[in-house]
Amino acid sequence: MPSAALERHPATPCAALRGIRVSAVLISNKLSIVYLMEGEIARLRIPPPRAPRFVDGLWQHTCCELFVAQPGGSYREFNFSPSGEWAAYQFDGYRAGRRAIEIRPEIVLRGGQLEVSLPEKAGRIGLSAVIEEEDGAISYWALRHAPGKPDFHHPDAFAMELA
């Protein structure tokens with residue numbers, strides 16, 4: 001299973017975590033991802049478990065994310081909350097033409113590890129996380145950050161190839 005460390009965006013400190021490791025594997029059009037947060041997990045704002053369902057705006061709090069590039073510059077964005085909630089969107093181009101898509105990922109939280117499984121064909125992907133600490137501070141983590149402010153949608157953030 002390919003594994004990598006997410007990098008914290010330099011403009012967004014995080015006192016609670018030393019790092020986030022992520023691994024991803026694609027088997028028979030099913031993508032499995034494990035996000036492992038290393039540090040003082042108790043100092044993070046982790047939402048309580050809820051019924052699995054689509055919820056918009058998860059990126060405003062602690063959540064893990066996946067971006068999947070598609071032909072012609074389109075891509076998909078997936079948000080996975082430790083609560084078990086998720087969101088999934090199709091974009092026609094860079095931050096353009098967003099619409100919700102039907103998909104139901106499996107999300108399991110085990111301590112500082114979030115495990116996700118979903119039916120998805122992958123190629124070039126971006127893996128990222130938004131971390132909210134107990135004091136409300138937000139940090140942004142990604143395989144690779146584009147220049148400037150945190151932007152997981154930027155093509156530079158799609159930094160892993162899965163075949």
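This is a predicted model: local features need pLDDT of at least 70, side-chain atom pairs count only at pLDDT 80 or more; totals for chains, interfaces and linings use all residues.
Me: Is H153 buried or exposed?
Reply: Buried means under 20% relative accessible area, exposed over 50%, and partly exposed in between (1.4 Å probe, protein chains only). H153 has 9% relative accessibility, so H153 is buried.

Me: Which side chain joins that of H153 in a polar contact?
Reply: A polar contact pairs N or O atoms within 3.5 Å; within protein, one must be able to donate a hydrogen and the other to accept it, and residues adjacent in sequence count only if both atoms are side-chain atoms. H153 also touches F67, Y75, F91, Y94, R95 and F158, among others (heavy atoms within 4.5 Å), leaving out residues up to four places away in sequence. At 3.4 Å, the polar partner is E77.

Me: What is the volume of the largest pocket?
Reply: On a 1 Å grid over the protein atoms alone, a pocket is an open set of points where a 1.4 Å probe fits, with protein on both sides within 12 Å along at least five of seven lines; lining residues have an atom within 4 Å of a point. Its lining has 13 residues, with W59, E65, R95, F152 and H153 nearest the centre. Points join across faces, edges and corners, and volume is the space filled by probe spheres set on them. The value is about 260 Å³.

Me: How many disulfides are there?
Reply: A disulfide needs two cysteine sulfur atoms within 2.5 Å. The sulfur of C14 is 12 Å from the closest one, in C64, so that pair is too far apart for a bond. C64 is in no disulfide either, its nearest cysteine sulfur being that of C63, 6.8 Å away. The count is zero.

Me: Which side chain joins S139 in a polar contact?
Reply: S139 lies in strand β11. At 0% relative accessibility, S139 is buried. Beyond four places in sequence, its contacts include R8, C14 and I131. The polar contact, 2.8 Å, is with W141.

Conventions:
Residues are numbered from 1 along each chain as its sequence is written. Side-chain values use heavy atoms; hydrogens and water are left out. Helices (H or I, at least four residues) and strands (E, at least two) are DSSP runs, numbered from the N terminus.
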